[in-house]
Structures are given as structure tokens and as C-alpha cells.
Amino acid sequence: MTKVALVTGASRGIGRATALLLARQGYAVGVNYLKDDVAAQQVVAEIESLGGRAWALRADIGDESQVVAMFRQLDATLGPIDALVNNAGILFQQSSIEQLTAERINKVLTTNVTGYFLCCREAVMRMAHRHSGQGGAIVNVSSAAARLGAPGEYIDYAASKGAVDTLTTGLALEVAAQGIRVNAVRPGLIYTEMHASGGEPGRVDRVKSSLPMQRGGTPEEVAEIIAWLLSDAASYVTGSFIEASGGR
């Protein structure tokens with residue numbers, strides 16, 4: 001029976017690479033996105049060209065009603081969820097603490113933290129044995145910034161990813177006996193549209209020489225880690241974090 005995966009923020013970057021890789025591995029994929037209909041449909045079309053099944057799911061993960069509607073649509077179109085990849089997130093330009101506003105901080109936390117909680121809640125309600133589910137796996141995309149701290153980075157973004165790490169650990173303990181594994185990957189400097197637009201264009205190339213591996217990473221490299229954590233090959237792995245940061 002075909003497994004069903006939902007990837008949030010799947011129209012670009014790490015989310016797109018993950019959706020395509022999971023489709024190649026036989027998953028039917030829910031392609032969540034926020035604004036770019038064309039990009040999301042392109043991902044769906046590419047998956048279908050590979051002989052797979054996919055469905056574009058437009059939803060703001062920070063909005064509870066939209067998250068509930070998205071999961072119901074996934075149920076109706078692709079079937080019960082087996083795997084959740086919490087990847088959607090926002091990153092504003094680097095800022096000192098003096099320049100931060102409550103509006104910016106709350107926007108980052110709503111998407112990067114509340115959105116992850118809401119998607120985990122809906123997934124657990126479908127996966128957990130106590131809800132007659134068959135179990136499943138969740139991978140949260142965190143950030144090396146959560147481990148390294150904010151100096152030279154983005155303090156509100158780093159704080160939000162620290163919360164994602166805490167969610168990962170706590171939820172893994174809560175649902176382990178319910179047949180659900182919860183893990184996280186912490187990408188470092190990755191060539192994505194997020195770093196090119198929300199952050200500083202060209203930043204990866206400017207600082208890559210400071211990394212032990214002397215290069216930035218690719219979305220496809222992160223996607224391989226996510227797919228492994230979702231797979232049966234990682235069946236005894238939960239509450240774990242894998243660094244994808246070039247040795248930093």
C-alpha cells in the first residue's frame with residue numbers, strides 16, 4: 001500500500017527536494033505551499049511525470065483553521081498520512097535586537113513554531129495507536145542556528161528553531177509508544193531561496209570558507225537525510241538530531 005507524506009513548504013528549496021525524493025521512493029505526496037501556485041503545481045507535475053501521485057495543498061501553517069482544512073483535504077485526496085515533514089518557515093533579514101519589533105517576532109514564531117505544533121497535532125491525531133492509527137514518522141526541519149546561537153545569524157529565527165528542537169524531543173517521548181517516531185535535521189548553510197531572499201543574497205558563498213568542508217550544502221543533501229529518518233532503515237531512531245552543516 002502506498003505511503004502518504006505531507007511536506008510543508010514544498011514548493012521550493014529543501015521542501016521541494018524532499019517532496020521529489022519521497023515521490024521517487026514511492027510516497028504519494030501532499031505538496032503544501034503558501035503563495036506560489038505555479039511553483040507548487042510544477043512540483044506536482046514533476047512527481048506525476050515520474051509516475052507518482054501528488055496534490056497541491058495551499059495553506060498558511062500558522063493559521064489553525066487552514067491547517068485543519070489542509071489535513072482534511074489530504075485525507076480526502078491521498079489518504080491517511082504516514083509521514084510528516086515540517087519544513088515551512090520564514091526568515092527575515094539579519095537584525096540586531098534593538099531593531100526587532102513585536103510584529104516581526106510574532107510572525108516568525110507563529111509560522112516556525114505554532115505551525116509546527118499544529119501540523120504535529122493533526123498528524124498525531126491520525127497516526128497514533130490511541131486514535132486507531134497505524135503509526136508513522138515526523139521529521140522537523142530545524143537549523144544549525146538553534147545549536148550555534150544567534151551571533152552573526154538571525155536571533156528571532158534561531159530562537160524559533162530552538163523551540164522546534166524542544167518540540168522534537170518532547171513529542172518524541174510522548175508518542176513513542178503510539179508508533180510514531182519524531183526526529184529533526186539541522187541544516188546549516190544551504191543554497192536555498194530562503195537564504196537568497198529572506199536572508200542575504202550570496203551569504204553562503206561569502207562565508208563558506210569558514211566551514212570545515214569549505215562549501216555550502218544543497219537541498220538534495222538535506223532531503224536524503226529527511227527521507228532516511230522517515231524510512232524503515234531508521235525504525236529504532238526517535239528523538240534524534242542530524243546535523244547537516246558541513247562540520248560546523
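Where does Gln134 lie? Gln134 lies in the loop between α4 and β5, and, since the model is a predicted one, this placement and everything that follows should be read as computed from predicted coordinates.

Gln134 counts as exposed, because its relative accessibility is 72%. When residues up to four places away in sequence are not counted, Gln134 touches Met127 and His129. Its C-alpha atom is 25 Å from that of Gln66, a residue 68 places away in sequence.

Ser132 is found in the loop between α4 (102-127) and β5 (136-141), and its backbone has a positive phi of about 65° although Ser132 is not a glycine. With a relative accessible area of 65%, Ser132 is exposed.

Ala137, by contrast, is found in strand β5 and is buried, with a relative accessible area of 4%. Leaving aside its neighbours within four places in sequence, Ala137 is in contact with Asp82, Ala83, Leu84, Met127, Arg181 and Leu230.

## The loop between α3 and β4

Pro80 is found in the loop between α3 (64-77) and β4 (83-86), where it counts as exposed at 58% relative accessibility. Beyond its neighbours within four places in sequence, Pro80 is in contact with Val4 and Asp75. The C-alpha atoms of Pro80 and Cys119 are separated by 14 Å, and the two residues are 39 residues apart along the chain.

The accessibility values for individual residues are collected here.

| Residue | Relative accessibility | Class |
|---|---|---|
| Gln134 | 72% | exposed |
| Ser132 | 65% | exposed |
| Pro80 | 58% | exposed |
| Asp156 | 6% | buried |
| Ala137 | 4% | buried |

## Helix α1 and its two partners

Helix α1 has 12 residues and reaches 17 Å from its first C-alpha to its last, which is close to the 16 Å expected at 1.5 Å a residue. The helix is mostly covered, with 10 of its 12 residues buried, and these buried residues are Gly13, Ile14, Gly15, Ala17, Thr18, Ala19, Leu20, Leu21, Leu22 and Ala23. Just after α1, Gly26 takes a positive phi of about 105°.

Two packed helices are described by the angle between their axes and the distance between the axes. For α1 (residues 13-24) and α2 (residues 37-49), the angle is about 20° and the axes are 10 Å apart. Because an angle under 35 degrees counts as roughly parallel, α1 is roughly parallel to α2. The crossing of these two helices is right-handed. On the α1 side the contact involves Arg16, Ala19, Leu20, Ala23 and Arg24, which meet Val43, Glu46 and Ile47 in α2; by class, this contact has 5 nonpolar, no polar and 3 charged residues.

With helix α9 (residues 219-230), α1 packs at an angle of about 55°, and the axes are 8 Å apart, which makes α1 oblique to α9. Here too the crossing is right-handed. By class, the contact of α1 with α9 has 10 nonpolar, 2 polar and 2 charged residues.

## Helix α6 and Asp156

The end C-alpha atoms of α6 are 30 Å apart, which agrees with the 30 Å that its 21 residues should span at 1.5 Å a residue. Buried residues of α6 include Tyr157, Val164, Leu167, Leu171 and Val175, as well as Asp156, Lys161 and Asp165.

Asp156 lies in helix α6 (residues 155-175). Is this residue buried or exposed? At 6% relative accessibility, Asp156 counts as buried, and, not counting residues up to four places away in sequence, Asp156 touches Leu100, Arg104 and Val108.

Notes:
Residues are numbered from 1 along each chain as its sequence is written. This is a predicted model: local features need pLDDT of at least 70, side-chain atom pairs count only at pLDDT 80 or more; totals for chains, interfaces and linings use all residues. Side-chain values use heavy atoms; hydrogens and water are left out. Axes are lines fitted to C-alpha atoms, for helices over the stretch in contact, and angles run from 0 to 180 degrees between N-to-C directions. Helices (H or I, at least four residues) and strands (E, at least two) are DSSP runs, numbered from the N terminus. Angles under 35 degrees count as roughly parallel, over 145 as roughly antiparallel, 65 to 115 as roughly perpendicular and the rest as oblique. A crossing is left-handed if the near helix is turned anticlockwise from the far one by less than a right angle, and right-handed if clockwise. Contact means heavy atoms within 4.5 Å. Ala, Val, Leu, Ile, Met, Phe, Trp, Tyr, Cys and Pro count as nonpolar, Asp, Glu, Lys and Arg as charged, and the others, Gly among them, as polar. The expected span of a helix is 1.5 Å times one less than its number of residues. Buried means under 20% relative accessible area, exposed over 50%, partly exposed in between (1.4 Å probe, protein chains only).
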